[in-house]
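Please look through the structure below before reading on. The paragraphs after it go from the whole chain to single residues.

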Amino acid sequence: MHVRYRDPDRYETIRTPDWAAEAARSVSEVRTGKREDEWEVQSVLIEKGVGEETAREQAEEIVETIGEG
């Protein structure tokens, strides 16, 4: 399940840095986008099969953990 926070077209670069991977642990992947000198969460990928509502909740928890919530 792909929970999008921002349009990927607004970034020069998109990647999953080590600090974001650590926050996500094994349930997901965090993709961040670089805009000027700042990195921000672009999207969070949550394990398939958890359902849309649960995926959004898990994504929000991850975003809060890394300090963007």
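Accessible areas here come from the Shrake-Rupley method with a 1.4 Å probe, and for residues only the protein chains shown count as cover. By that method the chain exposes about 4,600 Å², and carbon and sulfur atoms supply 40% of it. The model is a predicted one, in which local features need pLDDT of at least 70, side-chain atom pairs count only at pLDDT 80 or more, and totals for chains, interfaces and linings use all residues. Residues are numbered from 1 along each chain as its sequence is written, and side-chain values use heavy atoms, with hydrogens and water left out.

The chain has two helices and four strands. Helices (H or I, at least four residues) and strands (E, at least two) are DSSP runs, numbered from the N terminus. Their order along the sequence is β-β-α-β-β-α. The chain has 69 residues, of which 30% are buried. A residue is called buried under 20% relative accessible area, exposed over 50%, and partly exposed in between (1.4 Å probe, protein chains only). Among the contacts in the chain with a separation of 6 or more, 50% are between residues 24 or more positions apart; contact means heavy atoms within 4.5 Å.

Is Thr32 buried or exposed? Thr32 counts as buried because its relative accessible area is 0%. Leaving out residues up to four places away in sequence, Thr32 touches Thr13, Ile14, Arg15, Pro17, Trp19, Ala20, Trp39, Glu40, Val41 and Gln42.

A salt bridge is a side-chain nitrogen of Lys or Arg within 4 Å of a carboxyl oxygen of Asp or Glu. How many salt bridges does the structure hold? There are four. One of them joins Glu40 to Arg6, with the closest N and O atoms 3.6 Å apart. This pair links distant parts of the chain: Glu40 is in strand S4 (residues 38–46), while Arg6 is in the loop between strand S1 (2–4) and strand S2 (13–15), and the two are 34 residues apart. Glu40 has a relative accessible area of 18% and is therefore buried, whereas Arg6, with 24%, is partly exposed.

Arg10 and Glu40 also meet in a salt bridge through their side chains, at 3.1 Å from N to O. Arg10 is partly exposed, its relative accessible area being 35%. A further salt bridge is formed by Glu29 and Arg31, whose closest N and O atoms are 3.7 Å apart. Both partners are partly exposed: Glu29 has a relative accessible area of 33%, and Arg31 has a relative accessibility of 29%. Salt bridges that share partners join Arg6, Arg10 and Glu40 into one network.

Distances between C-alpha atoms show how two pairs of residues are placed. Arg6 and Thr32 are 26 residues apart in sequence, and their C-alpha atoms are 9.6 Å apart in space. Asp18 and Val30 are 12 residues apart along the chain, with 9.7 Å between their C-alpha atoms. Asp18 lies in helix H1 (residues 18–24) and is exposed because its relative accessible area is 70%.

The loop between S3 and S4 holds Glu36. This residue is exposed, with a relative accessible area of 64%. Most residues other than glycine have a negative phi.

Glu53, Glu57, Glu60, Glu61 and Glu64 form a negative surface patch. Patches are made of residues with over 30% relative accessible area and no salt bridge; like charges are joined within 9 Å, and nonpolar side chains (Val, Leu, Ile, Met, Phe, Trp, Tyr) within 5 Å. Lys and Arg count as positive and Asp and Glu as negative, with His and the chain ends not counted. One member of the patch, Glu60, is found in helix H2, which covers residues 52–65. Glu60 has a relative accessible area of 36%, so this residue is partly exposed.

Definitions and conventions. Charge placed at Lys NZ, Arg CZ, Asp CG, Glu CD.
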